[in-house]
Amino acid sequence: MKKIGCWLTVSLFVLLAGCLPQQDSEEEILQNDPEAEQETSIVPSHRLNEENYGIITPYEVSEARGVITNQVANRLDIDELEEGLRRHSKDVFDPETYYFQEGQYLTESMVFSLIDDLNPQIDDEDLDPDEEMEFHGDNPRYLSHILEQNFLQRRDDDSVELAGISIGIAMKSVYRFQVDGIDDQEEISESEMLAQGEEMAQEILDYIREIEGLGNIPVMMTIYREAEQSSPIPGNFVVKTTVDGGSNSIGDWESLGEEYILFPSDEGREKYFDDHEVVSSFGNEIAQFFPNYVGIIGEGFYIDEELQRLSIEIPLEFHGKSEVIGFTQFAYSLVQEMFENYFELEIKATSSNEVESLIYRPVNADSPTVHIFH
């Protein structure tokens, strides 16, 4: 891993010291576990910012740890499913009053069992290859994964207790299967995926309500549509809903209007022409001054067709730190000239899959922050 240069380390320390409250001590909270003696756990006195959940330590990993990497093929989907579920949970479980914990109730065996039970199964093992191929084409396995996250609240006796659960239901957009050594795939429309996902969500809720301690806990549920396996951008959350504690029925689903768009691309040009042209022009400006430039990879995150975040990666072959500094200065000036500030912007210059420099600008900021790595 590359180290941040000395000048940056000092300035970053000063920045953090100025922006974050001083942490003189840590809070002690008793972890409330009805099946074991209470153990003293620690919650740091301060969070990184108001948007982040406090996390209790010692950190407890999920009871279904590792299942997601076996079930979800695209690494970008894994990251978005985990981070996005936590992001949507903030609308229901306020980080000001809730602590975050990985899922502790759905175990590995439970998740695998639910996935198998909710997906179509071949009852007749004597099908010939043509019949089996037809079955898979007509009965795709829609469900990939069920992700659980827990949210705890402090009680009057300084213990914490479970106060909310979020469930992310990952559904396929493309079903890949193999019969008799032959690979095939079946496209799944969003409407078909949603119909299946909403039906499965009810069965997952019924299952959760039968787990000891979860009968009266509010549950936030989301349906996530995965990208294709080789996609350079992740899929997106499509709908979400919240079920009150003690309720066994799911009400209306809220449409989220989220999508990720690759730039430059035909889809980007068609859907968001102005943004596509700005990103393309940015790449063209770089190409004029850096002969080893091969292209940029842009990822726009939209909600209700409004750009929220733009991330751009610029792969280059650098031959010295001076070249990195020169490039970063040039890119910085282009950012100031070309990109409006109503969205979050991140630009990474990389070589050999390592980050050489980072330009980051929060929403509505007048100028970006620059980091050059050594």
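**Ground rules**

I number residues from 1 along each chain as its sequence is written. In this predicted model, local features need pLDDT of at least 70, side-chain atom pairs count only at pLDDT 80 or more, and totals for chains, interfaces and linings use all residues, while side-chain values use heavy atoms, with hydrogens and water left out.

**Overall layout**

I looked up the secondary structure. The chain has nine helices and 17 strands. Both are DSSP runs numbered from the N terminus: H or I over at least four residues for helices, E over at least two for strands.

I then checked burial. Of the 374 residues, 43% count as buried. Buried means under 20% relative accessible area, exposed means over 50%, and partly exposed lies in between (1.4 Å probe, protein chains only).

The accessible surface comes to about 20000 Å². Carbon and sulfur atoms hold 45% of that surface. These areas come from the Shrake-Rupley method with a 1.4 Å probe; for residues, only the protein chains shown count as cover.

I also looked at contacts, meaning heavy atoms within 4.5 Å. Among contacts with a separation of 6 or more, 63% are between residues 24 or more positions apart.

**Salt bridges**

I counted ten salt bridges. The rule asks for a side-chain nitrogen of Lys or Arg within 4 Å of a carboxyl oxygen of Asp or Glu. Side chains of opposite charge can pair when their charged atoms come close.

I noted Asp 116 with Arg 141, whose closest N and O atoms are 3.2 Å apart. Asp 116 sits in helix 4, and Arg 141 in the loop between helix 5 (129-138) and strand 5 (143-154), so this pair ties together parts 25 residues apart in sequence. Asp 116 is partly exposed at 38%. Arg 141 is partly exposed too, at 22%.

My next pair was Lys 271 and Glu 259, at 3.0 Å from N to O. Lys 271 belongs to helix 7 (residues 266-271) and Glu 259 to strand 12 (residues 258-263), so the bridge ties together parts twelve residues apart in sequence. Lys 271 is partly exposed at 44%, whereas Glu 259 is buried at 16%.

I then took Lys 321 and Glu 356, which meet at 3.2 Å, N to O. This pair links distant parts of the chain: Lys 321 is in helix 9 (residues 321-338) and Glu 356 in strand 16 (residues 354-361), 35 residues apart. Lys 321 is partly exposed at 27%. Glu 356 is buried at 5%.

I also found a network. Glu 80, Arg 87 and Glu 258 are joined by salt bridges that share partners.

**Negative patch**

I found Asp 117, Glu 199, Glu 203, Asp 206 and Glu 210 gathered in a negative patch on the surface. Patch residues have over 30% relative accessible area and no salt bridge; like charges are joined within 9 Å. Asp and Glu count as negative. I took the place of each charge as CG of Asp or CD of Glu.

Helix 6 (residues 190-209) gives the largest share, three residues. Asp 117 is in helix 4 (residues 108-118). Asp 117 is exposed, at 59% relative accessibility.

**Glu 192**

Glu 192 is partly exposed at 31%. Leaving out residues up to four places away in sequence, Glu 192 touches Pro 140 and Tyr 142.

Notes. Patch = residues over 30% accessible without salt bridge, like charges linked within 9 Å, V, L, I, M, F, W, Y side chains within 5 Å.
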